[in-house]
Amino acid sequence: MVENPTNQINHFVGGRRTAGRSDRGGAVYDPATGQQTGRVAFADPPEVEHAVKVARQALATWSSVSPAERARVMFAYRQLLQEHREELAETVAREHGKLLGDARGEVNRGIEVVEYACGAPSLLSGNHNQVGSGTISTHSLRQPLGVVAGITPFNFPAMVPLWMYPIALVCGNTFVLKPSERDPSVSLLLAELLRQAGLPDGALNVVQGDRETAQALMAHPDVQAVSFVGSTPAAEAIYRTATAGGKRVQALGGAKNHLVVMPDAPIQQAADGLVAAAYGSAGQRCMAVPVAVAVGESAEPLLSELVSRVGELTLGAWDDPEAHMGPLVSAEAVERVTAYVNEGVAEGAELVVDGRGRRAAGHESGFFIGPSLFDHVATNMRIYREEIFGPVLCVVRVSSYAEALSLVNDHEFGNGAIVFTRDGGIAHDFSVQVQAGMVGINVPIPVPVSYHSFGGWKRSLFGDHHVYGSEGVRFYTRLKTITSRWHAPDPDPGQTCAGRRQAASHPSETSESRARGQESAENPGQAQPGRAARTNLDMPSGGEA
């Protein structure tokens, strides 16, 4: 690997790029060439402390801005993102390695969440009800948490941050982002565009870093909530640590998404969907499909279609228009995926297509590995049980729909699950019975649109809230309910305050009795019919009238 650390990637704090003060940092590579393209600074605990302090100082101003004004900032941000969409996509592709088309799709999905955030006045509207006789009313408010943080993964360096901070900001919070150190540059561009859109300085801050940086951020006492997307071990550790400190947490973990192919399914469509879902972005997606469950007689025709399609996939750099698949993000990722393929062969699975050792022409030093396809995979094999996060598809054969459903539900992960079928009864039963947070019916990658919410079940999610959509609004706000009572207006607007208080203390007194009281005042020596003469016990303290 050729080192070229001339491009220094720093932090974004207080509305501007700021150089790192510590000596810690890491190399950033172009995965297609294997060459170092820059160096990213790693924030140490004092730098994290400073970023949180800046966010806390910006909170008073930003949280007092009306939801309508926050929405105007998001409308302007959406326009800037659209104008810089190609620049954002290229920045992602250069450091991640994914093909430019995939990077464009990532940016577009992030922009959709910004569009959802533009509805802040509606998203934050509460409820109002009259209670009882109408003098009592109850209404609810959603108020911001304060300073919140996001820790995001390498596989979607633009989209996942955009899942988080636009929703957090329109809810009135301020935000500190810790992006992946693998592909950090796009985070700075996103932050600068949001400042141009009118966000006050300090409301969004970016601290680059590694695990030490993330730990300092989630342990900070002024951080009220943490959003995370990454592996299950990391998600579980962050959930336990942050919740022990009293923080709210949404931690999205790993996945092993299954696609069930029924005998009546359109086999060619199922095969097309599987190839796209398993090998797109080189399998580095939490909604990738690494397991195909072939039911009954669907197995042989499905495998035949898969073999012909996988064999045609070509490798190339991010800007190669003829390529079907780009590189992995790092040399370590290539080693990890290769080890899993070796393990699958050792455990007895049939390796139908072997992607080990494949390289893209002209990019022999890049982080490439070809697509691999296994058949006759058993559920006790590591390639079935564990998340590989690479271009490896495992075919598991079962005899019935019931067996397929049980297999999906027995897996520890529950991010997504898909069925391809023409049978409406099967489709309905699967959607109800499957233990997964996102379900596809003849849709290979069922990522919800921005006005729904993204998240899994079981060990794919730690916390009670999914990300973005209405679940995101709930996560980044606290619900407050106010009950008020206002008495009916007095019919005599000229009455003194003391008189109104006296009338309020005797709500059963009628207008007729008040009239009799007036007559008594005019004739103090005469008792009124039906009313006892005033005694000394009725006199105020001190005996004076």
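Two strands count as paired if DSSP finds at least two bridges between them. Strands (E, at least two residues) and helices (H or I, at least four) are DSSP runs numbered from the N terminus. This is a predicted model, in which local features need pLDDT of at least 70, side-chain atom pairs count only at pLDDT 80 or more, and totals for chains, interfaces and linings use all residues. Residues are numbered from 1 along each chain as its sequence is written, and side-chain values use heavy atoms, without hydrogens and water.

**View 1. An open sheet is built from three strands.** The strand order is β6-β7-β23, with antiparallel pairing. At the edges lie β6 (128-131) and β23 (477-485), each of which pairs on one side only. From one strand to the next, the twist averages 25 degrees (axes are lines fitted to C-alpha atoms; angles run from 0 to 180 degrees between N-to-C directions).

**View 2. Strands β6 and β7 run antiparallel.** Four bridges join β6 to β7 (residues 136-144). V131 has I136 in β7 as its bridge partner. Strands of a sheet pair through backbone hydrogen bonds.

**View 3. H376 is a loop residue with a positive phi.** Its loop runs between β16 (372-375) and α13 (382-385). The phi of H376 is about 55 degrees, although H376 is not a glycine. Most residues other than glycine have a negative phi.

**View 4. K458 has a positive phi within a strand.** K458 lies in β21 (residues 457-458), and its phi is near 55 degrees. K458 is partly exposed, with a relative accessible area of 31%.

Notes
Buried < 20%, exposed > 50% of the residue type's maximum accessible area, 1.4 Å probe, protein only.
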